[in-house]
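Me: I'm new to this one, and I'd like a close look at a single part and whatever it meets. Could you pick one and walk me through it slowly?

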Amino acid sequence: MTNPETPARAVEWPVPRAAAPRLARRLNLGDLIFRALTAGLALLIIAVLASILVVLIYESSVSIRTFGWGFLRSSAWDPVFKEFGALPFIYGTLVSSFLALLQAVPLSIGTALFLSELSPRWLRAPVSFLVELLATIPSVIFGLWGIFFLIPWVRSYLNPTLAATLGFLPFFQGPNYGVGMLTASMILAIMVVPYVTSVTYEVFAAVPSVQREAALALGATKWEMVRLAVLPYGRTGIIGAVMLGLGRAIGETMAVTMVIGNRAEISASLFAPGATMASVIANEFNEATYELYVQALVEIGLVLLIVTVIINALARLLVWSVAGPDANTRRG
Amino acid sequence: MTTVSTRRRVVNVVAQAGAVACTVVVLVPLVLIFGYLLLKGCSSLSWSFFTQLPKPVGEVGGGMANAIVGTLTLVGLACSLGLPVGVLAGVFLGEYGGGRVAWVVRFCADVLAGVPSIVIGIYAYTLVVLPMHGFSAYAGGFALAVIMLPIVARTTEEMVKLVPSTLREASLALGVPTWRTTLWVVVRTARGGIITGIMLSVARVAGETAPLLFTAFGNQFWHQGLTGPISSLPVQIYTYAISPFDDWHRQAWAGALVLLLLVFLTSLAVRVVTRGQVRSVV
């Protein structure tokens with residue numbers, strides 16, 4: 001797990017270590033202060049992460065005491081009668097994220113394979129640039145586009161088509177509003193694709209070319225080479241990339257809030273409006289008029305935090321184990 | 001002489017065509033979003049958009065001058081809080097980053113980067129808005145700084161690590177203390193890359209909406225000092241987008257176009273300056 005030492009890094013501090021250091025040099029005051037300062041600020045990152053958890057637990061303590069574990073199992077969300085249960089939002093988050101991954105993962109792996117195995121050299125940089133460009137678009141702009149382009153399209157073309165062909169399934173029945181779970185998952189898929197693609201591409205790039213050459217030398221076609229050498233070697237990393245995408249999808253707020261319809265109900269139909277943990281906080285936090293209401297929303301935030309931290313932690317460990325700790329920020 | 005069977009050849013061609021198709025499908029939404037945004041945004045954009053305050057409902061026209069200034073103010077606050085911490089923490093990770101503590105910091109930074117921005121909004125609300133008894137620019141800036149912190153720290157670490165150790169050795173051999181070597185030689189050499197990382201994080205937080213909803217809140221007028229609510233482009237776009245008024249929708253499109261150009265030009269500048277060595281996906 002530690003950073004692989006390159007030869008250049010191995011001779012990092014030749015002067016103090018090679019020569020027998022005099023006491024004065026070893027205890028250089030400036031060095032001590034500077035090192036303590038930077039170390040302290042680095043530790044601040046840990047402190048911020050820990051304090052987010054502490055603050056959320058503290059601010060939802062009344063709600064936690066009032067509802068207990070039942071908060072996670074109850075589907076009652078009625079601020080007027082002071083009844084709060086997170087199940088509709090947990091359900092909405094899980095379903096919209098799962099559907100998003102269902103659409104995004106095959107597309108991302110296909111695109112990453114195109115970039116790493118098929119694309120001519122001159123096309124690689126522009127295409128990966130365009131994919132990354134998708135990641136720089138702010139969430140609220142996806143939401144705006146979703147409201148005025150995707151929702152009308154889903155309402156007048158996609159949903160009627162699905163209802164006509166797959167309408168015997170409970171997922172594609174019921175009133176067609178345009179807003180809803182399906183639309184939210186499509187927006188999420190578009191937003192997650194660049195992350196999954198980029199990490200998967202890193203993972204494919206980390207596959208040693210000897211593996212590819214060995215497969216080709218045995219007479220494999222290009223696809224067989226991918227299937228036998230590239231995919232198995234990158235499997236752990238792909239799982240990590242998918243989980244990174246899942247972390248993004250679960251925490252994504254604005255675009256989802258703008259297209260999901262925001263109704264705290266569990267419905268089998270994907271046409272029906274729903275709500276996610278993030279969207280209910282964005283929608284209702286400013287309107288929460290009494291203590292318990294705010295606390296219940298913060299507790300939803302706490303659940304959201306714990307889920308994303310676990311997913312992100314696992315994802316990082318998986319990706320690091322394949323492509324090293326620098327995989328996401330440096331070109332492989 | 002062995003021959004590849006027809007079935008294997010067909011599978012090979014189909015699989016490759018599939019990968020190409022995936023790439024095309026991925027790029028279609030990008031084209032649609034940019035096309036629609038340009039179409040709607042350009043027709044709604046006017047000079048008054050940059051110079052006027054929002055008009056009340058029913059009155060046509062007005063602009064988002066306060067939101068543009070607000071976004072710049074919030075990003076400035078976030079930078080003044082998040083950059084010193086982020087850069088120095090990154091220097092620690094790059095220069096003294098071999099041990100177990102640094103591994104934990106690195107890990108926590110990556111996890112922090114994955115914390116949903118709405119949760120960071122609640123965090124800033126509790127730590128800043130509640131004690132100050134009101135929404136404020138400070139609260140919004142604080143939330144954005146927390147989002148910025150891990151991005152800046154990790155990119156700074158990368159850039160510091162790229163500095164050849166011969167430069168450090170040369171400086172140390174001249175008797176320069178380690179801390180001065182780090183600041184005057186290592187950080188100076190990595191300056192370009194560090195600024196790149198900073199610009200990427202700026203591009204990221206400039207478009208953030210969720211953490212501002214209940215920290216900076218929003219404001220239809222010029223903000224009165226930094227202890228009061230302040231408007232920002234993303235929040236203004238959100239408010240206008242979900243409103244039922246056509247004129248406000250037009251304003252939202254114009255705002256989205258301006259915001260996207262702001263974010264996009266920043267990323268593009270980074271891309272051109274570094275020739276693609278630093279990536280925008282963090």
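Reply: Happy to! Let's begin with a term: two residues are in contact if their C-beta atoms, placed from the backbone, lie within 7 Å. Helices are DSSP runs of H or I with at least four residues, strands are runs of E with at least two, and both are numbered from the N terminus. This is a predicted model, in which local features need pLDDT of at least 70, side-chain atom pairs count only at pLDDT 80 or more, and totals for chains, interfaces and linings use all residues. Residues are numbered from 1 along each chain as its sequence is written, while chains are lettered from A and ligands numbered from 1 in the order in which they are written.

The part to look at is helix α8 of chain A, residues 121-136. Start with its partner in chain A, helix α10 (residues 181-205): the two axes come within 8 Å and cross at roughly 135 degrees. Axes here are lines fitted to C-alpha atoms, for helices over the stretch in contact, with angles from 0 to 180 degrees between N-to-C directions. That angle makes α8(A) oblique to α10(A), since angles under 35 degrees count as roughly parallel, over 145 as roughly antiparallel, 65 to 115 as roughly perpendicular and the rest as oblique. From α8(A), the residues that meet α10(A) are A:Ser128, A:Val131, A:Glu132, A:Leu134 and A:Ala135. Across from them, α10(A) brings A:Val193, A:Pro194, A:Tyr195, A:Thr197, A:Ser198 and A:Tyr201. By class, this contact has 7 nonpolar, 3 polar and 1 charged residues; Ala, Val, Leu, Ile, Met, Phe, Trp, Tyr, Cys and Pro count as nonpolar, Asp, Glu, Lys and Arg as charged, and the others, Gly among them, as polar.

Now turn to chain B. α8(A) also packs with α1(B), at an angle of about 50 degrees and with the axes 10 Å apart, so these two helices are oblique to each other. Here A:Val127, A:Leu130, A:Val131, A:Leu133 and A:Leu134 meet B:Thr23, B:Val26, B:Leu27 and B:Leu30.

Finally, step back to the two chains: 91 residues of chain B are in contact with 90 residues of chain A. Helix α1 of chain B (residues 6-44) gives the largest share of chain B's side, 19 residues. That side has 62 nonpolar, 19 polar and 10 charged residues.
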